[in-house]
Amino acid sequence: MTKKRQQAKEKRRQWQDSRPRCGLCGKTSNLTKTDCCGNWICDDEHNYVMFSYAHNSCHRNHNRYTLCSSHFHEGHEGSWQDCPKCREGFETEMYVWYGTNEYNFEKLTNPPAFEPTHCAKCKKVIRLAEGGYSHSVDGYFCGRCMNIRFAEQK
Ligand SMILES: [Zn+2]
Ligand SMILES: [Zn+2]
Ligand SMILES: [Zn+2]
Ligand SMILES: [Zn+2]
């Protein structure tokens, strides 16, 4: 009987050690599994405030900003790491960001090189992942030049 109890105790300890953790932030409560890759992640989509563009939800971040999730939702075959459709589907800079940002459980090991994007007007480097730019037939425009163009059009 005592042996049994000890085993139960042992089991409990093992269970605590292998408690699932969010693969992104390490939290152990309120978790769910991702549809795309089956990893534990915070079930925190409800924390997100509509249109706030906040990056405070692990679940949402993985869902929105990774190749893993987009590959899954687009129904591609094989692994996203070597999926030609994913590679073609994004601007290289975004492809690299989607594949290497901190919202990934596994990152691209050999991200392709890319030329930084420059504003077509002032030549400032635009970091596509950060947003706040516009893209038109004339190229990419930084936030400042975008506003100037917008004002000129009026
Ligand atoms: Zn998390
Ligand atoms: Zn995933
Ligand atoms: Zn894919
Ligand atoms: Zn500019």
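The following questions and answers look at a few loop residues in a predicted model. Residues are numbered from 1 along each chain as its sequence is written, and chains are lettered from A and ligands numbered from 1 in the order in which they are written. In this predicted model, local features need pLDDT of at least 70 and side-chain atom pairs count only at pLDDT 80 or more, while totals for chains, interfaces and linings use all residues.

Q: Is Asn 30 buried or exposed?
A: Asn 30 sits in the loop between helix 1 (2-17) and strand 1 (31-33), where helices (H or I, at least four residues) and strands (E, at least two) are DSSP runs numbered from the N terminus. A residue is buried if 20 or more other C-beta atoms, placed from the backbone, lie within 10 Å of its own, exposed if 12 or fewer, and partly exposed in between. Because Asn 30 has 9 C-beta neighbours inside 10 Å, Asn 30 counts as exposed.

Q: What is the phi of Lys 123, near how many degrees?
A: Lys 123 is found in the loop between strand 3 and strand 4. Most residues other than glycine have a negative phi. Lys 123, a residue other than glycine, has a positive phi, with a value near 70 degrees.

Q: What distance separates the C-alpha atoms of Gly 132 and Cys 142?
A: Gly 132 belongs to the loop between strand 4 (125-126) and strand 5 (134-136), and Gly 132 is exposed because 11 C-beta neighbours lie inside 10 Å. Although Gly 132 and Cys 142 are ten residues apart along the chain, their C-alpha atoms are separated by 7.0 Å.
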